[in-house]
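Student: I'd like to go through this model with you before I set anything up. Can we take it topic by topic?

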Amino acid sequence: MTKPHLLIVDGMALLFRSFFASAAMNQFIRLEDGTPSNGVQGFARHVLTAQSLMKPTHLAVCWDMGAHTFRNDLFEGYKANRPAPPEEMLPQFDMAKEVSQMIGWQNFGIPGLEADDLIGSMIEKWKDEAQITVISGDKDLLQLLNPSTTIAFTKKGYSEYDVYTESRFVDEYGITPKQFAEVKAFMGDTSDGYPGVKGIGPKTALQLIQNHGSIDGVMEALPTLKPGQRIKISENEAMLRLSHQLATIHCSAEIEVGLESLRLSSYTTDLFDIVEQRGYRLISKHARSIY
């Protein structure tokens, strides 16, 4: 029997990507009442295209629920340097969830957790039952790769992806996916606002984990490291440990539905008539062209 194919969509990643791609050209594609809809329409078109390319049997869309998460409680500076979303984007967070529901996709979001944590928890829950593909633009998700999970990073337009399997990751990085969070702990993440170990870049961070296996392994090997590295790491050990907590995706959130409830059903022309009546003409037109 063929395993179900679950497509997990990082809703935030696609919504932001779609918004900025068209906002750059001042195309906000407003509804009749003047509400901008460019991010929402781009998000839905992206998912519809992915569905036609990847042929999943099941689908889930994961969202961040507000800016405050448990990581902000651990470290005040977490994501603190990110600018607030542009005004034209504000109404589109709720609109995207509404459109998603209207089309028949299930939305997931848990206050205090990021979309990444939900994605990780779904993978943990269903990795033995399903073939899983995740669509995102977020490289942090590489730590979630396993034999049944593939991550497709958005590249260009709606149909180009850079696809990672566990074996491609191991070939390229020379470590296991789980060790990727330890690499991130050393190098830090400027977009997430945590520093890691100041003065250690991506290349050195990766070499340290390739050579010593883990943060603990590096700490044990400190006496054998170059003096510069030894000083940087020993002076920043507390931030290194904290950065590891921030970089690690939490995979034990309660996912209260069964896989079967995420099964996709066929689309009807009536559905896209409704989508069009609500003002989302581009989604309707796009869907009709591929289904």
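Student: Which residues does proline 177 touch, not counting residues up to four places away in sequence?

Tutor: Proline 177 touches Leu142, Gln143, Leu145, Glu166, Phe169 and Val170 once residues up to four places away in sequence are set aside, where contact means heavy atoms within 4.5 Å. A word on the basis: this is a predicted model, in which local features need pLDDT of at least 70 and side-chain atom pairs count only at pLDDT 80 or more, while totals for chains, interfaces and linings use all residues. Residues are numbered from 1 along each chain as its sequence is written, and side-chain values use heavy atoms, with hydrogens and water left out.

Student: Where does proline 177 lie, and is it buried or exposed?

Tutor: Proline 177 lies in the loop between helix 6 (166–173) and helix 7 (180–187); helices here are DSSP runs of H or I with at least four residues, strands are runs of E with at least two, and both are numbered from the N terminus. Proline 177 counts as buried because its relative accessibility is 4%, given that buried means under 20% relative accessible area, exposed over 50% and partly exposed in between, with a 1.4 Å probe and protein chains only. Its C-alpha atom is separated by 9.1 Å from that of leucine 141, which is 36 residues apart from it along the chain.

Student: OK, zooming out, how many helices and strands does the protein have?

Tutor: There are 13 helices and six strands. The radius of gyration is 21 Å, close to the 19 Å that the globule rule gives for 291 residues, so the protein is as compact as a globular protein of that length; the radius is taken over C-alpha atoms, and the rule is 2.2 Å times the number of residues to the power 0.38. Along the principal axes, the C-alpha atoms fill a box of roughly 70 × 50 × 35 Å.

Student: And what share of the residues is buried?

Tutor: Buried residues make up 50% of the 291. Of the contacts between residues at least 6 apart in sequence, 71% join residues at least 24 apart.

Student: Which residues have the most contacts inside the largest nonpolar core?

Tutor: Those are Ile8, Phe186 and Ile233, in a core of 45 residues, a nonpolar core being a set of buried Ala, Val, Leu, Ile, Met, Phe, Trp, Tyr and Cys residues joined through side-chain atoms within 4.5 Å. Helix 5 (residues 115–126) supplies the largest share of this core, namely six residues. A second, separate core of 38 residues includes Leu15, Phe28, Val47 and Met54.

Student: What does isoleucine 8 touch, then?

Tutor: Beyond residues up to four places away in sequence, isoleucine 8 touches several residues, among them Ala60, Cys62, Ile119, Met122 and Ile123.

Student: Switching to charges, how many salt bridges are there?

Tutor: The count comes to 16, with a salt bridge taken as a side-chain nitrogen of Lys or Arg within 4 Å of a carboxyl oxygen of Asp or Glu. Arg71, Lys79, Arg82, Glu114, Asp117 and Asp192 are linked in a network of such bridges. Aspartate 189 and lysine 184 also meet in a salt bridge, at 2.6 Å from N to O; aspartate 189 is buried, at 11% relative accessible area, and so is lysine 184, at 6%.

Student: Which helices hold glutamate 276 and arginine 288?

Tutor: The side chains of glutamate 276 and arginine 288 form a salt bridge at 3.4 Å, N to O. Because glutamate 276 lies in helix 12 (residues 269–277) and arginine 288 in helix 13 (residues 281–290), the pair ties together parts that are 12 residues apart in sequence. Glutamate 276 counts as partly exposed at 35% relative accessibility, as does arginine 288 at 33%.

Student: Which residues of helix 13 are buried?

Tutor: In helix 13, Ile283, Ser284, His286 and Ala287 are buried. They cover an arc of only 165° around the axis, which puts them on the same side of helix 13; the arc is that of the directions from the helix axis to the C-beta atoms. The face turned away from this buried side carries the exposed residues Arg281, Lys285 and Ser289.

Student: What covers that buried side?

Tutor: The cover over the buried residues of helix 13 includes helix 2 (38–54), helix 4 (92–103) and helix 12.
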